[in-house]
Each structure stands twice: as C-alpha cells, then as structure tokens.
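Colleague: I'd like to learn how to read a few features off a model. Can we go through them one by one?

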Amino acid sequence: MAFYPLQIAGLVLGFLGMVGTLATTLLPQWRVSAFIGSNIIIFERLWEGLWMNCIQQAKVRLQCKFYTSLLALPPVLEAARALMCVAVALSVIALIIGVCGMRQTQCTGSSERVKAYLLGTSGVLFLLTGLFVLIPVCWTAHIIIRDFYDPAVNIGQKRELGAALFLGWASTAGLFIAGGLLCGYCCCNRKKRRHKYPAPAYCVPPGEKRRNVPVPSKTTTSYV
C-alpha cells in the first residue's frame with residue numbers, strides 16, 4: 001500500500017484524540033475561579049467540572065466533591081455530559097474499527113477493499129467525535145466569557161477558561177486531522193484501484209456484427 005503512512009498517522013492522532021477526549025471529560029478544570037481586583041493574596045482556587053467541584057486551599061489541600069443530584073444540575077451541564085460520553089464511546093469504536101482495517105490485521109481477511117472501507121468508517125467516526133467534543137467545549141467557553149464581561153454578575157461568581165477546555169480544543173484538532181487522513185486514505189485507495197482495474201470495453205456480439213455488415217448490391221449489366 002503506497003498510502004500506508006496515512007493509516008499510521010491517522011490512527012496515532014485518533015488514539016491521542018481519544019485519550020484527550022477522555023481526559024477532558026474527567027478533569028474538573030472546565031471553569032476556574034477568576035481573580036479580579038488588586039488583592040494578590042489568594043487562599044482558595046475553585047474548579048468546576050462535569051462531574052465534580054474541587055477547592056484548593058493555600059496550594060496544599062485539595063478537596064473534591066461529586067455532584068450528588070442529577071436533576072439539580074443545569075441543562076447545559078447535563079447536555080455537555082451526554083455529548084462528552086457519546087464522544088468517548090465513538091472514539092473507542094472508531095479506534096477499534098481503524099485497527100481492524102490495518103494492513104497487518106488478519107481478522108478482516110486480506111481484501112484491501114474491505115480494509116479501506118473500514119478505515120474510511122473509522123475516519124468518519126473520528127470526525128463525528130471531534131464535533132461532539134467541540135460543541136460542549138465551545139458552548140461552555142461562550143458562557144464563561146459572556147458572564148465574565150456581564151456587569152450584572154457578581155465578581156465572586158465570575159469564572160475563567162480552565163485547562164480542560166484547552167485540552168478539549170487540542171483533542172478536537174487531533175480528531176479532525178485523524179478523520180481527514182483516514183477518509184483521504186480511503187478515497188486514494190479507491191482511485192488507485194479504479195486506475196489499476198479499468199472498466200472493460202463494450203464488445204459487440206458476433207451476431208450484431210454480422211447483421212450490421214453492409215451487403216453489396218448486385219448490379220445488372222445489359223449486353224447490347
């Protein structure tokens with residue numbers, strides 16, 4: 001396979017995107033406390049994630065508490081949870097399908113066509129995973145920025161962008177690139193196979209040739 005490096009690069013980036021998606025889902029640093037004002041003595045840092053809140057006191061003690069009620073959560077947080085869980089599941093499925101489509105894998109046989117389609121399916125799933133990660137991350141960042149510049153929001157309730165959001169953006173970029181590489185490999189493989197096996201030319205049956213042959217007309221000569 002001439003495009004074998006595309007497989008390796010796509011699956012490696014897909015694996016990194018899957019790990020980043022899982023880390024983004026679990027980390028509590030989605031929303032962090034904002035330090036506004038002239039007071040430089042900070043005793044507490046507040047982290048808010050999808051599953052827990054954490055408080056770090058004097059950079060020594062860290063206390064985390066999981067959300068106890070599902071019904072009391074805001075709808076935005078519930079939607080972000082659902083999308084991120086779907087993204088993690090899709091990334092795992094995409095990676096498994098991509099590994100099955102590798103050249104050295106024998107579980108799908110030796111057909112290059114089947115392996116190319118498996119890699120193309122894996123690429124589409126990686127693209128969907130990146131989309132599912134991008135939506136909650138960008139929406140959460142939009143809410144944080146909107147509340148930060150809203151004068152009606154109390155200073156103590158203002159938050160800043162956390163490290164998990166930046167990790168989510170990086171994971172999205174890796175997933176998009178991985179999906180593009182795998183889909184590109186599938187398209188290139190199809191074009192290569194099309195040039196390798198050209199379409200057969202149309203052959204006219206012998207009977208039609210015989211019927212289409214013009215018959216010379218008989219000319220009569222008269223002798224005077």
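Colleague: Let's start with Cys-85: is it buried, partly exposed or exposed?

Modeller: Keep in mind that this model is predicted. Cys-85 comes out at 38%, so it counts as partly exposed.

Colleague: How many disulfides does a search of the whole structure find?

Modeller: For that you check how far apart the cysteine sulfurs sit. The search turns up one disulfide. It joins Cys-54 to Cys-64, with 2.1 Å between the sulfur atoms. The link is right-handed, with 110° about the S-S bond.

Colleague: Where in the chain do the two partners of that pair lie?

Modeller: Cys-54 belongs to strand 3 (residues 52-57) and Cys-64 to strand 4 (residues 61-66). They are ten residues apart, and the pair links distant parts of the chain.

Colleague: Next, the core. What should I have in mind there?

Modeller: In soluble globular proteins, nonpolar side chains tend to be buried together. Here the largest nonpolar core has 28 residues, and those touching the most other members are Trp-30, Leu-50, Phe-126, Val-133 and Leu-165.

Colleague: Which elements give two or more residues to this core?

Modeller: Those are helix 1 (4-26), helix 2, helix 3 and helix 4 (163-196). Helix 3 gives the most, with eight residues.

Colleague: Take Leu-50: what is it in contact with, leaving aside neighbours within four places in sequence?

Modeller: Thr-25, Trp-30, Tyr-67, Leu-77, Ala-80, Arg-81 and Met-84 are its contacts. Trp-30 is also on the list of core residues that touch the most other members.

Colleague: Last one, pockets. How do you look for empty space?

Modeller: Rolling a probe the size of a water molecule over the atoms shows where empty space is left. In this model the largest pocket holds about 290 Å³. Its lining has 14 residues, and Arg-31, Glu-48, Gly-49, Pro-74 and Leu-77 lie nearest the centre.

Colleague: What kinds of residues make up that lining?

Modeller: Nine are nonpolar, three polar and two charged. Helix 2 (75-100) and helix 3 (112-148) each supply at least two of the lining residues. Helix 2 gives the most, with three. Leu-77, one of the residues nearest the pocket centre, is also in contact with Leu-50.

Technical notes
Residues numbered from 1 in each chain as written. Predicted model: local features only at pLDDT ≥ 70, side-chain atom pairs only at ≥ 80, totals over all residues. Heavy atoms only, no water. 1 Å grid on protein atoms, 1.4 Å probe; cavity = no way out; pocket = protein on both sides within 12 Å on 5 of 7 lines; lining within 4 Å. Points joined across faces, edges and corners; volume = space filled by probe spheres on them. Helix = DSSP H or I, 4+ residues; strand = E, 2+ residues; numbered from the N terminus. Nonpolar A, V, L, I, M, F, W, Y, C, P; charged D, E, K, R; others polar. Disulfide = S-S within 2.5 Å. Buried < 20%, exposed > 50% of the residue type's maximum accessible area, 1.4 Å probe, protein only. Core = buried A, V, L, I, M, F, W, Y, C linked by side-chain atoms within 4.5 Å. Contact = heavy atoms within 4.5 Å.
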